[in-house]
Amino acid sequence: MPLVTTKEMFKDAYEKGYAVGAFNVDNMDTFKAVVKAAEQVNSPVIIAISSGALKFIGKEYVREMVDCALKTATVPICLHLDHGKSAELCKECVDLGFTSVMIDASSYDFDENIRITREVVEYAHARGVVVESELGAIAGIEDEVCVDDKYGSFTHPDDVVEFVTRTGIDSLAIAIGTAHGAYKFKPGQKPQLRFDILQEIEEKLPGFPLVLHGASSVQQDSLKVLNTYGGKMPEAIGIPEAMLREAASKAVCKINVGTDIRVAYVGAFRKALHEQPDKFDLKLFVGPAMDAVTELVKDKMINVFGCAGRALK
Ligand SMILES: [Zn+2]
């Protein structure tokens, strides 16, 4: 099965009220574990590669690794660049064979964000590749302190139509309260997503696929495994799964997961090391770590995003 873009995936997801998971992989182990999960539950899957992961794995290795999986893949796979910080990097990934790229020029002002995004869109679309861009600041709740403005640093619904029209993008990452990393909320703070803003954006852009970044749930049981075997991570508060479920049932068609994968992998790796102190066969430690990632991804696909059983042929 060849690589696919997210076009058909998002169309189906929007119509049927589910979301496709985009999973950040950092090496071949996590990549194989995510693809295995998608195949076991017959789900479409987006493999997200950050610029850091691209450097770590190596550009040619990424392409070969994915090609290898495609020979036997039974589900649609999209290869996506996560947070491309420059037009050059996005174009490079298009040339490498990625089927989707994210240009993240959200740190620039509105017009410059549009200019850079438009440049990527023209290059990518001419080569059959889709583009995601970001509007608003996806960060931590601590940045959201402006009391005068109901929207603060969140994506402003009044901006989205102009942004989408002038850039020509295929999907839009919005800021409604999710945050990257394990510590999304302060201790004691109630996790909250701004569904009112999501609703307003959805009304302005009917039928247009939206994207949620920083959507790990950081379950306490997986943190517990990590900490039981020598980890020292303080309690984290992620995005409750019920909120992700609700977002997936609305216009959110892609939900990104990175932190949850890393916590699951490292926790299972530590546990295996601890339980087998007299062994040094790498497979005894990497194997359980990969299995933990597969189980986590399957759980998200079945119970949270609703994309299990949705692989389009
Ligand atoms: Zn992100």
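Is His 83 buried or exposed? His 83 counts as buried, because 23 C-beta neighbours lie inside 10 Å. A residue is buried if 20 or more other C-beta atoms lie within 10 Å of its own, exposed if 12 or fewer, and partly exposed in between, with C-beta atoms placed from the backbone. His 83 is in strand E3, and its phi is near 50 degrees, a positive value in a residue other than glycine.

This is a predicted model, in which local features need pLDDT of at least 70, side-chain atom pairs count only at pLDDT 80 or more, and totals for chains, interfaces and linings use all residues. Residues are numbered from 1 along each chain as its sequence is written. Helices (H or I, at least four residues) and strands (E, at least two) are DSSP runs, numbered from the N terminus.

## The barrel

Eight strands close into a barrel in the order E1-E2-E3-E4-E5-E6-E7-E8, and the pairing is parallel. From one strand to the next the twist averages 25 degrees. Two strands pair if DSSP finds at least two bridges between them. The table lists some of these pairs.

| Strand pair | Direction | Bridges | A bridge partner pair |
|---|---|---|---|
| E1 and E2 (residues 45-50) | parallel | three bridges | Asn 24 and Ala 48 |
| E3 (residues 77-84) and E4 | parallel | three bridges | Gly 84 and Ile 103 |

E3, helix H5 (residues 87-96) and E4 make a right-handed β-α-β unit. E4, H6 and E5 make another right-handed β-α-β unit. A crossover is right-handed if, with the strands pointing away from the viewer, the path from the first strand over the helix to the second runs clockwise.

Helix H2 (residues 28-40) lies across E1, E2 and E3, and runs at about 165 degrees to E2. In the loop between H2 and E2 is Asn 42, which has a positive phi of about 55 degrees although it is not a glycine. Asn 42 is partly exposed, because 15 other C-beta atoms lie within 10 Å.

## Helix packing

Two packed helices are described by the angle between their axes and the distance between the axes. Axes are lines fitted to C-alpha atoms, for helices over the stretch in contact, and angles run from 0 to 180 degrees between N-to-C directions. Two residues are in contact if their C-beta atoms, placed from the backbone, lie within 7 Å.

The axes of helix H6 (residues 110-125) and helix H7 (residues 157-167) come within 8 Å and cross at roughly 35 degrees. The crossing is right-handed; a crossing is left-handed if the near helix is turned anticlockwise from the far one by less than a right angle, and right-handed if clockwise. On the H6 side the contact includes Phe 110, Ile 114 and Val 121, and on the H7 side it includes Asp 159, Phe 163 and Arg 166. The residues of this contact divide into four nonpolar, two polar and three charged. Here Ala, Val, Leu, Ile, Met, Phe, Trp, Tyr, Cys and Pro count as nonpolar, Asp, Glu, Lys and Arg as charged, and the others, Gly among them, as polar.

Helix H11 (residues 259-275) and helix H12 (residues 283-305) pack at an angle of about 145 degrees, with their axes 8 Å apart. H11 also passes H12 in a right-handed crossing. Among the residues that meet are Ile 261, Ala 264 and Phe 269 in H11, and Leu 284, Phe 285 and Val 293 in H12. This contact holds 14 nonpolar residues, one polar and two charged.

## Two buried alanines

Ala 124 is in helix H6. Ala 124 is buried, because 25 other C-beta atoms lie within 10 Å. Leaving aside neighbours within four places in sequence, Ala 124 is in contact with Val 94, Val 101, Val 129, Val 130 and Val 131.

Ala 19 is found in the loop between helix H1 (7-16) and strand E1 (20-24). Ala 19 is buried, with 31 other C-beta atoms within 10 Å. Not counting residues up to four places away in sequence, Ala 19 touches residues including Ala 13, Ala 248, Ile 255 and Phe 305.
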